[in-house]
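Q: Hi, could you walk me through this one? I'd like to start with how the strands pair.

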Amino acid sequence: MSTAAEVRHIGIFTSGGDSPGMNAAIRAVVRAAHVSGLRVSGILGGYDGLINDHVRPLGPRDVSNIIQRGGTILRSARSAQFRTVEGRAKAVATMNAHGMDGLVAIGGDGTFTGANILFEEHGIRVIGLPGTIDNDLAGTDLTIGFDTAINTAVEAIDRIRDTASSHDRLFFVEVMGRDTGFIALACAVAAGAEFVLVPERPEHIDELVAVLGQASGTKSSSIVIVAEGEEEGGAFDVSKKVKQRIPDADIRVSVIGHIQRGGTPSVQDRLLASRLGVAAIDGLLQGKHDVMTGVVNGRVLHTPFKEAIGKRKELNTDLFRVLSILAT
Ligand code: F6P
């Protein structure tokens, strides 16, 4: 295996679900690499792009005017082929053909699972940046895209509140987050919701019904945020269960969906992406690999991929208490 000092040419790609701020991260990595004298190749379409040799050179001017754009200029995908030994061998062959000796991967748990396998099977040096709206990676307080996603979702929920309170309605609003409730919990507190259902904290419908019972008669509307991975089901399922218990409730359901993934990245996400992009190149040059670069308590840290994806990140449980106090 080659040593850190030999990193001269890196490939960069985005993989998995896109998130706002990925472009800011690409810009930061490309420009930091340029300053350190590294060549950069952009790989289009995640691991599939590496397998199929969709590669183009990236210089500092190629990433002009993208810091403010959502999505990813490198496009993204979830690759089935990369899950096979043959697919990964092809990916390594592309790297060798171009003379790449390291990779920067921007994505979430699936991306880092693949990166870790690349290292274990082929000794490929990969450093990761946490790019996902879900904020579900250990080793970083925030992931790139989370802040924008919750701001987008809260703006939508605020609009729902306007119409809900004009009609005395009960709304169930479903937000993303895969099998975690980081988005749901943050949105619930920030939007002043009455209740939140998240997979990490199985709630009984009884408790929800009791909270709604207390609210009825004194409030002009109620909003329940449902994380998409909630055990009771999505917002439609939960609403049906509640309707059986409170037949008089005038219920509507809204699934925010992919709107949460798009749009102009927030300042917070641009700052995080810029900082982590530079830190990733610093890390690679210091010989770090098979790690994800993150920020914990304000400090840049490099966490082994296995830990970032294997260790369950805890929700801030204090926020449940805050929510229930403020929802009275
Ligand atoms: O991981 C990001 C995410 O948006 C999740 O919150 C959601 O479960 C999933 O991706 C949706 O994936 P897709 O865009 O493939 O439907």
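A: Happy to! Strand β5 (residues 126-130) and β10 run parallel and are joined by two bridges. Strands here are DSSP runs of E with at least two residues, and helices are runs of H or I with at least four, numbered from the N terminus. Two strands pair if DSSP finds at least two bridges between them. This is a predicted model, where local features need pLDDT of at least 70, side-chain atom pairs count only at pLDDT 80 or more, and totals for chains, interfaces and linings use all residues. Residues are numbered from 1 along each chain as its sequence is written, and side-chain values use heavy atoms, leaving out hydrogens and water.

Q: Why is β10 largely enclosed?

A: Five of the six residues of β10 (residues 291-296) are buried, so the rest of the structure largely encloses that strand. Buried means under 20% relative accessible area, exposed is over 50% and partly exposed is in between, using a 1.4 Å probe and protein chains only.

Q: What's the strand order in the open sheet?

A: The seven strands go β3-β2-β1-β4-β5-β10-β11, with mixed pairing. The edge strands, β3 (55-57) and β11 (299-304), each pair on one side only.

Q: What about β1 and β4?

A: β1 (residues 9-14) and β4 (residues 102-107) run parallel, joined by five bridges. Ile10 has Gly102 as its bridge partner in β4.
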